[in-house]
Amino acid sequence: MSQLLGNVSCPFCGLLCDDLQLRVDDEAVSVEANGCERSRAQFSVRPPTAPACWVDGAQAPLEEGVARAASILASARLPLLLIAGTDVAGMRSVLELADRIGAVVDHAASDSLMRNVQVLQNTGWVTTTLSEVRNRADLVVLAGGDAVSRFPRLFERCVDNTSTLFDATRQSPELIFLGRQPPTHVAGRHIPVDVSRLSSLFAALRALRGGARLDADKVADVAVSDLSALLARMQQARYGVIVWSAADFAFPHAELAIQSLCELVQELNSTTRFCGLPLGGTDGDITAHQVMTWQAGVPLRTRFTRTGPEYDPHRYSTQRLLGDAEADALLYIAALDTTHRPPAVRIPTIVLGRAGMAPLQHSAVQIAVATPGIDQAGHLYRTDNVVAVRLRKVVARQLPGAHEILSRIVGCLPQERN
Amino acid sequence: MIRIKGGKIYDPAHGVDGEIRDVYVQDGRIVAAPAPDAPAAIEYDCSGMAIMAGAIDLHTHIGGGKVNIARAMLPEDHRYTRRARTALSRSGSGHAAPSTFAAGYRYAEMGYTACFEPAMLPSNARQAHMEMGDTPIVDKGAYALLGNDDFLLRLLAGKADPAIVRDYVAWTLRATQALGIKVVNPGGISAFKFNARKLDVDETAPYYGVTPRSILAALTQALHELGVPHPLHVHASNLGVPGNVDSTLATMDAAEGRPIHLTHIQFHSYGTEGDRKFSSGAARIAEAINARRNVTADVGQVLFGQTVTASGDSMAQYRNSRHAHPNKWVCMDIECDAGCGVVPFRYRDQNFVNALQWAIGLEIFLLVDDPWRVFLTTDHPNGAPFTGYPHLVRLLMDRTFRDERLAQIHPDAAAASTLGSIRREYSLYEIAIMTRAAPARILGLRDRGHLAPGAAADIVVYSDRPDREAMFARPEYVFKDGRLVAQRGQIVAVTRGATHTVKPEFDRSIERPLRDYFDRYHTVAFDNVPIDAGEMVECGSREILVQPCAGRT
């Protein structure tokens, strides 16, 4: 029987749009309205219905997979729990397990996420949220990337609005693309800058704002006169917003460029209102950060030691732990995107993958799990770090959630002595 | 059955002041003394010990977005304050911004059995409830923020019928699973988004043209008519501004005689006298509270040391960001709904202003006559982390100790304060009022904060030590719903707490304009705003306890 569902939340990028209309036909799901390319593709994945579990590449009963996973994790000296997509419930179970076995917890997107976290820890920031941008912004500066490649409906949801709370006939805010070329369908001004030189550009804007005269004609290949004009435009904005996706800042010490951006925003608030809008949240990276931080007190890249959680973003990064062969077991969770794959490593690997993910050759254990927002209700954090979006169950498939598998693994661990 | 035997009972809700009697517990409740031939009880010999109901913190920032920003931005607060896991309890960390598990355990170890998050943004309510769901043992509840949200300001600007405002307030309480309503810097957070930097009680807010006074009047009226037990919880205008004592008095009067609770009033009790143009307004504030029976306040005491301030008041926090220590800070504008600001802060006893803030808080505690109308808080973590409560109790109960501390602060601050001349010492009975009986009463929790048969068996047993700080830091026994959860400051069992809420009746036709409003202007659809009971359990609440409202319409 075919059924139409309205106002469904989409878990497949950090915008967490919650206005989708879905058609559910038995177990087939399709996006009828308010989708994007990614949501259409991800909602329509139709997994095998039977519960699936593989041990050493061969199909096995679920109990056997759970027991094997528990035995691998219990005997590991330094297990790594690497998240590539799970919701709040999944993260809560990840952390219960990590605390129990002394694991490191990291996210596959942490390289990007931690650029922002480091800025938060060094200088802080002034930021805003999607509904504020939608209703207040009169200037939107896109720093580094074009935003919509990673967050397809950003402009549709927050920029192209003809009517806002404070202006019934508003023009869309002025868009300035600082870095890459704007997409063809978007009307915006483009100031070409090599992303890796944005740090210098923001430093120059800050210096100009402070009244300094620059002993140069160009900074990052942008004429100083153009920079002065850009700064003036930013200072004239009533409510300016600068948007960045840390994933676009992929160069050494990119956090310093983001820091410079954030300090500029802080300073612009001495005369007008100006805010940052960090874009992220895809694959539950902000969700992982939030739950980790409230339960442990510290962000990802933390190890649960005998004395408590030890946060060290360098020592406990996935890249280093795997590169230096320090981790001796890997648990990888990707419950949102069937195309994600764990890093290829020689240590025993347990994979909790969204049902429909192909069986992997090198995993010791692989278990198919439910997708929050399709098979199960749940929560994911939106890009702005504020709104925990309610995910609904839209189809009745008999798939275990990642959190349920993790709880079963914890239940199979040897008795704990106090 | 449990028998708590031979202790001195401090149960101010029933006028019991140190009387020796036994307390009996069965199935999580306090019960009357059983017949002499009843089956043998588990006995706890508490001879010579002091027995009180579980303590209630009616204003502590334990859950929600800004607290988590504070945690994330301060790894230095967590590096040397780790809490190890045990077979019973989870690991954690943090002093000023503790992790949820650590906060729940520590509260329980100190004899607290209920904690109320005072600043739950409707747009961030799910996070607040999820963090509270991961705060073990203690019961929780939250006050939803209104008064800077565009929908209400728009209603007031359009001179809406008070019945519409009332329906909107009731809808918000239900949709967010809140126990009460708080307003932070009425209209000021919104004004900051329009680039205003201050908003006095009778100034008109940009765009809407309404005054903070009219916001306070509308919200106190709505809550009064809905019969919500907790009065409007007010973080007044001009937080931290020298001379704000005038706007604080104006805020009290904006309630027009209806119940109003002024929170962390210490931060709103500043004058402008003296060489430094910063002086204590405590005497005027205390006098005003004493004279107005409709006013209650919690203090928001400052204690010296490193902490972090986390507030919904983005306007004040932006202003205070220049004092950030360490030098980093966050401000956010949030969903045409609210805002927040997180500014780390170190209160120093040799800093004139900080030292005077400390003295002003204590002056207020000691100059307000009625312990039923002043509550013990540090506005955790804004004045100090809640772990400082035992120290604060000692400052109130022990004049010699207080005077010794007074002698150590900045001498000009000590000289500018009347604290040294105040002889009052709080009694155990008065402490039991301000930390148990009174908060239960003002929150409408009928079966908490007292020890009569029928009450929830949230019971704390203290060794009656002369060092009140040591006494209150590590009670002998803490029972939560009849279960022994902590003994001499150690967790011995871990339980999950319930969530206190109210569900006032209202006319559902308010949902039509709200649906249109959310679906047209917001980025969350109306259907996805409310949190239902099932979702609360998913968030981690054991159960929802609905406190009755006595509507007045």
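So, to start: how many residues does helix 4 of chain A have, and how far does it reach from its first C-alpha to its last? Helix 4, residues 110-122, has 13 residues and reaches 17 Å, close to the 18 Å expected at 1.5 Å a residue. Before I go on, please keep in mind that this is a predicted model.

Let's stay with that helix for a moment. After helix 4 of chain A comes Gly124(A), with a positive phi, near 80°.

Now, where the two chains meet. On chain A, 55 residues are in contact with 51 residues of chain B. Helix 5 of chain A, residues 130-136, gives the largest share of the chain A side, with 6 residues. If you sort that side of chain A by residue type, you get 20 nonpolar, 23 polar and 12 charged.

There is strand pairing between the chains, too. Strand 8 of chain A, residues 124-127, is joined by 4 bridges to strand 18 of chain B, residues 329-334, and the two run parallel. If you want a pair to look for on screen, take Val126(A), whose bridge partner in strand 18 of chain B is Cys331(B).

Back inside chain A, there is an open sheet of 3 strands, in the order 1-2-3, with antiparallel pairing. Strand 1 of chain A is joined to strand 2, residues 20-25, by 5 bridges, and Ser2(A) stands opposite Asp25(A) in strand 2.

Last, chain B as a whole. Chain B has 18 helices and 26 strands. Its C-alpha atoms fill a box of roughly 70 × 55 × 45 Å along the principal axes. Why call chain B compact? Because a compact globule with 553 residues would have a radius of gyration near 24 Å, and the 22 Å of chain B agrees with that. Of those 553 residues, 63% count as buried. And among contacts in chain B with a separation of 6 or more, 75% come from residues 24 or more positions apart.

Note on methods: Residues numbered from 1 in each chain as written. Chains lettered and ligands numbered in written order. Predicted model: local features only at pLDDT ≥ 70, side-chain atom pairs only at ≥ 80, totals over all residues. Rg over C-alpha atoms; globule rule 2.2 N^0.38 Å. Buried ≥ 20, exposed ≤ 12 C-beta atoms within 10 Å, placed from the backbone. Contact = placed C-beta atoms within 7 Å. Pairing = 2+ DSSP bridges. Nonpolar A, V, L, I, M, F, W, Y, C, P; charged D, E, K, R; others polar. Expected span 1.5 Å × (residues − 1).
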